[in-house]
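Please read this briefing alongside the model that follows; the points are grouped by topic.

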Amino acid sequence: MASKTVLILPGDGIGPEVMAQVRRIADWLNDNRKLDVAFDEAKVGGIAIDDEGAPITDATMQKAQDADAVLLGAVGGPKWDNLPFDQKPERGLLRLRKEMALFANLRPAMVFEQLVEASSLKPELVRGLDIMIVRELTGGVYFGEPRGIEDLGNGERRGVNTQVYTTSEIRRVAAVAFELARKRQNKVTSTEKANVMESGVLWREEVERLHQEQFSDVHLTHMYADNCAMQLVRQPKQFDVIVTDNLFGDMLSDAAAMLTGSLGMLPSASLGAADANGRRKAMYEPVHGSAPDIAGQGVANPLATLLSFAMMLRYSFDQGEDARLIERAVENALARGLRTADIVQEGTTRVSTSEMGDALLDELGKLAG
Ligand code: IPM
Ligand code: MG
């Protein structure tokens with residue numbers, strides 16, 4: 001029996017294609033590096049709707065709760081776009097986040113030296129960039145009540161969502177950001193709209209108070225979310241850790257992602273509270289979506305999902321050395337000039353999803369041998 005279990009949820013669109021490559025690399029680690037992980041697989045998203053009648057079944061939820069970690073591909077696609085809101089593929093993902101209480105979403109935006117030219121910003125602005133966005137993931141307007149669309153009569157309707165945060169929701173995610181900062185550049189930028197929203201005022205006050213109580217050694221600044229979006233594309237290297245709410249985090253992390261050249265490169269980790277043994281419930285997923293426009297063509301970039309797997313090794317299994325091995329294999333494959341379609345440039349070689357997988361295995365073999 002393996003000592004750890006990982007539930008794999010490939011999902012929709014390019015999810016299964018990229019996950020197949022990650023599985024090859026995970027199997028290699030099991031065989032060559034004593035990874036000692038047993039993989040189980042289940043359905044989430046549109047495929048689960050089609051085959052099992054719900055975006056995620058109770059049985060799959062239970063497997064996710066029982067696993068040491070979950071690795072997810074992507075969910076959604078045009079086929080399911082017109083379903084009622086509470087039956088959409090995305091509900092599967094949101095249910096996982098909510099019921100596993102994964103309140104802290106870590107989204108690193110790192111620029112690989114080999115991809116400096118792939119960024120839409122000037123090389124000098126992004127070279128060496130290393131930002132960590134900590135996005136609150138189980139609260140705010142994504143889950144706030146009341147919500148819904150009501151008929152007011154006379155052909156008029158009203159859509160309502162509620163932005164809501166409590167003291168403890170703010171403090172626990174801010175604490176994750178401060179702790180991460182201590183291991184990095186020791187800088188936290190907390191982002192909200194305290195100039196127009198009460199929830200933003202509370203956010204700022206609670207972050208400030210926690211800072212004074214427990215983290216006064218960390219350098220803290222506050223920034224309005226719109227300004228933060230502007231600063232991210234103006235002078236991204238001013239940031240170390242950014243902590244923000246669910247919705248602003250969704251938007252700022254997409255913007256930060258693009259600084260690195262491609263959404264296809266960005267991993268993420270979603271963590272719950274630590275239990276008595278210091279273990280956290282965790283799910284790892286690429287920041288990119290299901291990309292239905294390129295699904296099934298074998299051209300998708302598997303690196304974001306692979307780097308998410310590396311984050312799992314680091315944060316859930318304390319196997320930083322194997323995580324680093326994967327990251328070095330990625331760097332070496334890029335240094336060989338191999339690029340999937342999303343990051344291909346003049347002078348580089350375009351490869352398919354599985355050819356990138358071949359190259360990574362090849363590099364791993366060299367690094368380990
Ligand atoms: C993300 C995605 C999701 C979100 C969607 C697919 C529900 O955009 O993980 O950033 O909005 O959180
Ligand atoms: Mg998003």
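In which pocket does ligand 1 sit? Ligand 1 sits in the second largest pocket, where sitting requires more than half of the molecule's atoms to lie within 2 Å of the pocket's grid points. This is a predicted model, in which local features need pLDDT of at least 70, side-chain atom pairs count only at pLDDT 80 or more, and totals for chains, interfaces and linings use all residues. Residues are numbered from 1 along each chain as its sequence is written, chains are lettered from A and ligands numbered from 1 in the order in which they are written, and side-chain values use heavy atoms, with hydrogens and water left out.

**Shell of ligand 1**
- The residues around ligand 1 (a heavy atom within 4 Å) are E90, R97, R107, R135, Y142 and D250.
- Domain 1 (1-112 + 262-369) and domain 2 (130-259) each contribute at least three residues to the shell.

**Polar contacts (N or O pairs within 3.5 Å)**
- Oxygen atoms of ligand 1 lie 2.7 Å from a side-chain N or O atom of R97 and 2.8 Å from one of R135, while a polar side-chain atom of Y142 is 2.5 Å from a ligand 1 oxygen.
- Of the 320 Å² of accessible area that ligand 1 has on its own, the protein covers 76%, by the Shrake-Rupley method with a 1.4 Å probe.

**Database record**
- An unreviewed UniProt entry lists R97, R107, R135 and D226 under "binding site", although such annotations may be inferred rather than shown by experiment.
- These listed residues spread over 130 residues of sequence and, in space, up to 25.9 Å between C-alpha atoms.

Terms used. A polar contact is a pair of N or O atoms within 3.5 Å; within protein, one must be able to donate a hydrogen and the other to accept it, and residues adjacent in sequence count only if both atoms are side-chain atoms. On a 1 Å grid over the protein atoms alone, a cavity is a set of points where a 1.4 Å probe fits but cannot get out, and a pocket is an open set with protein on both sides within 12 Å along at least five of seven lines; lining residues have an atom within 4 Å of a point. Domain bounds come from an automatic or database domain assignment.
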